[in-house]
Amino acid sequence: MVAKIPEAVSLPATEPKLTWHEEQRLRDRQRLHADLWKDRGRRYAQCTLDNFVATTEAHRAVLGQMREYAASLKQNIESGTGIVLTGPAGTGKDHLIAALFTPACSLGFSVRWTSGAGMFSRIRDAIQNDDAERMVISK
């Protein structure tokens with residue numbers, strides 16, 4: 001089955017007209033969103049919180065927390081409140097986090113998918129190079 005990659009944000013067809021810079025930023029976000037799915041794989045493009053299958057009580061608890069976070073997604077992102085999901089392989093971490101990508105991109109935010117090992121490597125390298133942690137995270 002081939003899933004259609006969702007559009008992050010559509011250019012408005014009606015007023016108000018966007019400035020050239022606004023249009024450029026919008027196109028950049030659309031490209032980044034499409035690249036994200038290309039990099040991570042199409043199987044995640046259709047992930048939502050509604051189609052996550054919670055088979056255990058722990059799954060249901062985490063799904064509830066994800067729904068709470070998603071309900072205030074814009075405020076959570078703007079305040080710097082992020083999400084870190086940990087657990088064994090096959091427990092649904094990728095599905096749950098991918099479910100927030102399209103809504104976040106639609107709100108105009110950029111998203112980045114990384115593994116714990118990848119994040120650790122970047123932070124370790126930053127410490128060795130005397131880079132600020134904020135710079136590592138913002139990349």
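This is a predicted model: local features need pLDDT of at least 70, side-chain atom pairs count only at pLDDT 80 or more; totals for chains, interfaces and linings use all residues.
**His95 and its neighbours**

Leaving out residues up to four places away in sequence, I found Tyr44, Cys47, Thr48, Asn51 and Phe52. His95 itself sits in helix 4, which covers residues 93–98.

Next I asked: is His95 buried or exposed? His95 counts as buried, because its relative accessibility is 18% and the cut-off is under 20%.

I then checked the side chain of His95 for polar partners. A polar contact of 2.9 Å links the His95 side chain to that of Asn51. Asn51 is also among the residues that His95 touches.

**Cysteines**

Cys47 is one of the residues touched by His95, so I looked at its accessibility under the 20% limit for buried residues. Cys47 comes out as buried, at 10%. I looked up Cys105 too. Cys105 is buried, with a relative accessible area of 4%.

How many disulfides are there? I got a count of zero, with a disulfide taken as two cysteine sulfur atoms within 2.5 Å.

**Helix 6**

I moved on to helix 6, residues 116–128. Helix 6 has 13 residues. From first C-alpha to last it reaches 18 Å, close to the expected 18 Å.

Which residue just after helix 6 takes a positive phi? I noted Asp130, at about 60 degrees.

Within helix 6 I picked out Arg124. Arg124 is partly exposed, because its relative accessible area of 38% falls between the 20% and 50% limits. The Arg124 side chain makes a polar contact of 3.3 Å with the side chain of Asp125.

Terms used:
Residues are numbered from 1 along each chain as its sequence is written. Side-chain values use heavy atoms; hydrogens and water are left out. Helices (H or I, at least four residues) and strands (E, at least two) are DSSP runs, numbered from the N terminus. The expected span of a helix is 1.5 Å times one less than its number of residues. Buried means under 20% relative accessible area, exposed over 50%, partly exposed in between (1.4 Å probe, protein chains only). A polar contact is a pair of N or O atoms within 3.5 Å; within protein, one must be able to donate a hydrogen and the other to accept it, and residues adjacent in sequence count only if both atoms are side-chain atoms. Contact means heavy atoms within 4.5 Å.
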